[in-house]
Amino acid sequence: HLCRGTGKGGWSVDFYPSGRLRLCYLAEETVINGVPCRAASFWAELTGGAQVTFYPGGMLESCGAARKFKMGERTYQRGERVHLRPDGSPYAIG
């Protein structure tokens, strides 16, 4: 995945000890595990978070939706935070 990375105090990228990607801020909208994840921007960070997180195995854990889409029985709105279990199934927080 193409991630932004501007160093300390800016967009960051983090890895697990194994070297797999743990966290990033996407440089462009990217579909990951069927979820259209939004690109990082100042506005995205203010309106739901632009951070994308991954499980140690590489599956998407969470991201902000880049656009309205349906997954399973649920429809997500643009900017809404999407949370997936390690098996890729969605779940609600709160």
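These legends describe close-up views of one predicted protein model.

Residues are numbered from 1 along each chain as its sequence is written. Because the model is predicted, local features need pLDDT of at least 70, side-chain atom pairs count only at pLDDT 80 or more, and totals for chains, interfaces and linings use all residues, while side-chain values use heavy atoms, with hydrogens and water left out.

View 1. Helices (H or I, at least four residues) and strands (E, at least two) are DSSP runs, numbered from the N terminus. Along the sequence the pattern is β-β-β-β-β-α-β-β-β-β-β-β. The radius of gyration is 13 Å, close to the 12 Å that the globule rule gives for 94 residues, so the protein is as compact as a globular protein of that length. That radius is taken over C-alpha atoms, and the globule rule is 2.2 Å times the number of residues to the power 0.38. The C-alpha atoms fill a box of roughly 40 × 30 × 25 Å, taken along the principal axes. Among contacts between residues at least 6 apart in sequence, 42% join residues at least 24 apart. Contact means heavy atoms within 4.5 Å.

View 2. The score is pLDDT, the predictor's confidence in each residue, from 0 to 100. Its mean for the protein is 89, and 94% of residues reach 70 or more.

**View 3. A disulfide joins C37 to C63.** A disulfide is a pair of cysteine sulfur atoms within 2.5 Å. Here the S to S distance is 2.2 Å. The pair links distant parts of the chain, 26 residues apart: C37 lies in strand 5 (residues 35–37) and C63 in strand 7 (residues 60–64). The torsion about the S-S bond is about -75°, so the disulfide is left-handed. A search of the whole structure finds one disulfide. C37 is buried at 0% relative accessible area. C63 is also buried, at 0%. Buried means under 20% relative accessible area, exposed over 50%, and partly exposed in between (1.4 Å probe, protein chains only). C24 is buried at 0%, whereas C3 is partly exposed at 22%.

**View 4. The largest nonpolar core has 16 residues.** A nonpolar core is a set of buried Ala, Val, Leu, Ile, Met, Phe, Trp, Tyr and Cys residues joined through side-chain atoms within 4.5 Å. V35, V52 and L60 touch the most other members. Strand 3 (21–26) gives the largest share, three residues. A second, separate core of five residues includes L23, Y25, A40 and A50. Buried residues make up 36% of the 94 in the protein.

**View 5. Strand 6 pairs with strand 3 and with strand 7.** Two strands pair if DSSP finds at least two bridges between them. Strands 3 and 6 run antiparallel, joined by three bridges. Y25 has Q51 in strand 6 as its bridge partner. Strands 6 and 7 are antiparallel too, over two bridges. There, F54 has L60 in strand 7 as its partner. These two strands form a hairpin with five residues between them. G58 in the turn has a positive phi of about 105°. Beyond four places away in sequence, L60 touches residues including I32, V35, C37, V52 and L84.
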